[in-house]
Amino acid sequence: SWIHPDYRNRGYSNVEERFATMTRRIDRSVGDLLQLLRDLDIHEETLVVFTSDNGAHWTPADREKYPHCANGPWRGQQADIHEGGHRAPFLMRWPGEIAGARQGQLCDALICLTDLLPTLASAAGVTLTEAVAPDGIDQLPVITRGATPTRTSIVHHSVDSMYAIRQGPWKWIEGLGS
């Protein structure tokens, strides 16, 4: 079994054992990476990004059976058009660049994974043509200095070809169900 021994046969359900093991492994991997950056003495100038491409696979049956809320309060799951399928963590660590009041703060700007390429290119001092990342927006000024966000909307797409558009606190979904 790939379940970590700390969680095996401890009264957890199989699903809870798997989530606990996965969380422990991710935490360990991120910790190992950060330690390597410290060992190489490059941790102060290295931008670290932690994100995901979608919400968790957590069905309505899972929500009824287990107390764990894999997607927090959000409706839906991975591949859905709803928030549970699209909201994902996006954390950045960059000492000296994300500084002052911005460090450790939440940013409520709309950010999409299509913004990752232009944002990282900007952080590296590389200028991209619009053709390279036509849908992406450089979010570095928003993240590092708290500049006014320039992205005002995001288009979402589900595995079943359902579309939605988010603008501010609103989301229009073209279709019903999940």
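View 1. Asp-115 is buried, at 1% relative accessibility (buried means under 20% relative accessible area, exposed over 50%, and partly exposed in between, with a 1.4 Å probe and protein chains only). Arg-151 counts as buried too, at 11% relative accessibility. The side chains of Arg-151 and Asp-115 meet in a salt bridge of 2.6 Å, N to O (a side-chain nitrogen of Lys or Arg within 4 Å of a carboxyl oxygen of Asp or Glu). Arg-151 sits in the loop between helix H5 (140-145) and E3, and Asp-115 in the loop between strand E2 (90-93) and helix H4 (116-123), so this pair ties together parts that are 36 residues apart in sequence. Helices (H or I, at least four residues) and strands (E, at least two) are DSSP runs, numbered from the N terminus.

A word on what you are looking at: this is a predicted model, in which local features need pLDDT of at least 70 and side-chain atom pairs count only at pLDDT 80 or more, while totals for chains, interfaces and linings use all residues. Residues are numbered from 1 along each chain as its sequence is written, and side-chain values use heavy atoms, with hydrogens and water left out.

**View 2. The whole protein chain.** Stepping back, you will find 5 helices and 5 strands in the protein chain. From the N terminus on, the elements follow the order α-β-α-α-β-α-α-β-β-β. The protein chain has 178 residues, of which 28% count as buried. Among its contacts with a separation of 6 or more, 47% come from residues 24 or more positions apart (contact means heavy atoms within 4.5 Å). The structure holds 5 salt bridges.

**View 3. Glu-83 and a network of salt bridges.** Here Glu-83, Arg-87, Arg-166 and Lys-171 are linked in a network of salt bridges. Glu-83 is buried, with a relative accessible area of 11%. The side chain of Glu-83 meets that of Arg-87 at 2.8 Å, N to O. Another salt bridge joins the side chains of Lys-171 and Glu-83, at 2.7 Å, N to O. Lys-171 belongs to strand E5 (residues 170-174) and Glu-83 to helix H3 (residues 83-86), so the pair ties together parts that are 88 residues apart in sequence. Lys-171 is partly exposed, with a relative accessible area of 21%.

**View 4. Arg-87 over the ring of Trp-74.** Arg-87 lies over the face of Trp-74, at 3.9 Å from the ring centre (a charge sits over a ring if NZ of Lys or CZ of Arg is within 6 Å of the ring centre and within 35 degrees of the ring normal). At 42% relative accessibility, Arg-87 is partly exposed.

**View 5. The sheet of E3, E4 and E5.** This open sheet of 3 strands has the order E3-E4-E5, with antiparallel pairing (two strands pair if DSSP finds at least two bridges between them). E3 and E5 stand at the edges with a single partner strand each, so one side of each is left without a neighbour in the sheet. E3 and E4 run antiparallel and are joined by 5 bridges. Look for Ile-154, whose bridge partner in E4 is Arg-166.

**View 6. Ser-158 in its loop.** Ser-158 is found in the loop between strand E3 (153-157) and strand E4 (163-167). Ser-158 is buried, with a relative accessible area of 6%. Leaving aside residues up to four places away in sequence, Ser-158 touches Ala-79, Asp-80 and Ile-81.
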